[in-house]
Amino acid sequence: MTVEHLKAEQLTNSKWRVLGIPFGGPFEGKDFDGEFFSRNTDIKPDWFDRRPLVWHHGLDHTMKSEPVIGTADDTELEEKEGWWSTVWLDRSHQYWAEVDKLLRAGKLYGSSGTLPSFVRIDRKSGEILRWPYIEQTLTPTPSNIYSRIVPAKAIDHFNLAGLSPGILTDLDSTADLRPDLATAADTATRLRLSSTIASLMERTK
């Protein structure tokens with residue numbers, strides 16, 4: 001008799017998978033900043049078993065007092081695409097419903113954060129050689145749109161079928177989002193205006 005062992009999942013969390021550190025980028029193989037991750041990038045995957053899941057790297061003033069919206073774990077390398085992680089949204093968070101709707105509508109992307117003193121980049125090519133992965137963010141304004149997010153429960157089915165999970169979409173409407181959550185345009189402006197301050201504390205991608 002075969003006993004199937006199932007991993008227990010917290011019912012208070014919403015589970016997704018994010019390509020948090022994608023290889024390459026949409027601009028001739030680079031991201032918005034003219035840089036790119038590759039298989040040569042050392043992200044120090046074994047430094048942490050779990051990382052905080054943050055909204056906009058904590059730069060959105062609407063959620064400044066409570067920017068951590070969950071956790072990220074199970075970081076794994078996919079040779080062609082990059083580093084995937086499982087993210088768990090905290091259903092008890094004030095803005096969980098709004099963030100969940102944006103995710104289901106395909107409006108959010110991933111972004112990673114690190115400590116600037118540990119970063120090493122080939123300035124000639126833009127290749128990121130060392131980027132200790134300390135934080136996972138969800139954002140509508142990523143540096144790299146390759147950092148996609150997909151429903152975790154669907155990945156196994158797509159893998160078995162030989163399909164990329166990137167084709168998954170969800171057409172749920174976000175028309176009933178609460179007005180006190182910052183818009184993508186507002187957040188984009190805040191992110192750019194805050195970049196100088198943020199760079200002193202933490203580098204993000």
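Predicted model: local features only at pLDDT ≥ 70, side-chain atom pairs only at ≥ 80, totals over all residues.
Residues are numbered from 1 along each chain as its sequence is written, and side-chain values use heavy atoms, with hydrogens and water left out.

**Aromatic pairs**

- The structure has 2 aromatic pairs (Phe, Tyr or six-membered Trp rings with centres within 6.5 Å; planes under 30 degrees apart are stacked, over 60 edge-to-face, the rest tilted).
- F37 and W131 sit edge-to-face, because their ring centres are 5.5 Å apart with the planes at 80°.
- F37 is in the loop between β1 and β2, and W131 is in the one between β7 (128-130) and β8 (135-139), so this pair ties together parts 94 residues apart in sequence (strands are DSSP E runs of at least two residues, numbered from the N terminus).
- W47 and F118 also pair edge-to-face, at 5.7 Å centre to centre and 85° between the planes.
- W47 belongs to the β1–β2 loop and F118 to the loop between β5 (109-114) and β6 (120-121), so parts 71 residues apart in sequence get tied together.
- W47 is partly exposed at 44% relative accessible area, and F118 is partly exposed at 35%.

**Positive phi**

- Most residues other than glycine have a negative phi.
- K44, not a glycine, has a positive phi near 50°; K44 is in the loop between β1 (13-22) and β2 (50-55) and is partly exposed at 23% relative accessibility.
- H56 isn't a glycine either, yet its phi is positive at about 50°; H56 is in the loop between β2 and β3 (68-78) and is buried at 0%.

How values were computed: Helix = DSSP H or I, 4+ residues; strand = E, 2+ residues; numbered from the N terminus. Buried < 20%, exposed > 50% of the residue type's maximum accessible area, 1.4 Å probe, protein only.
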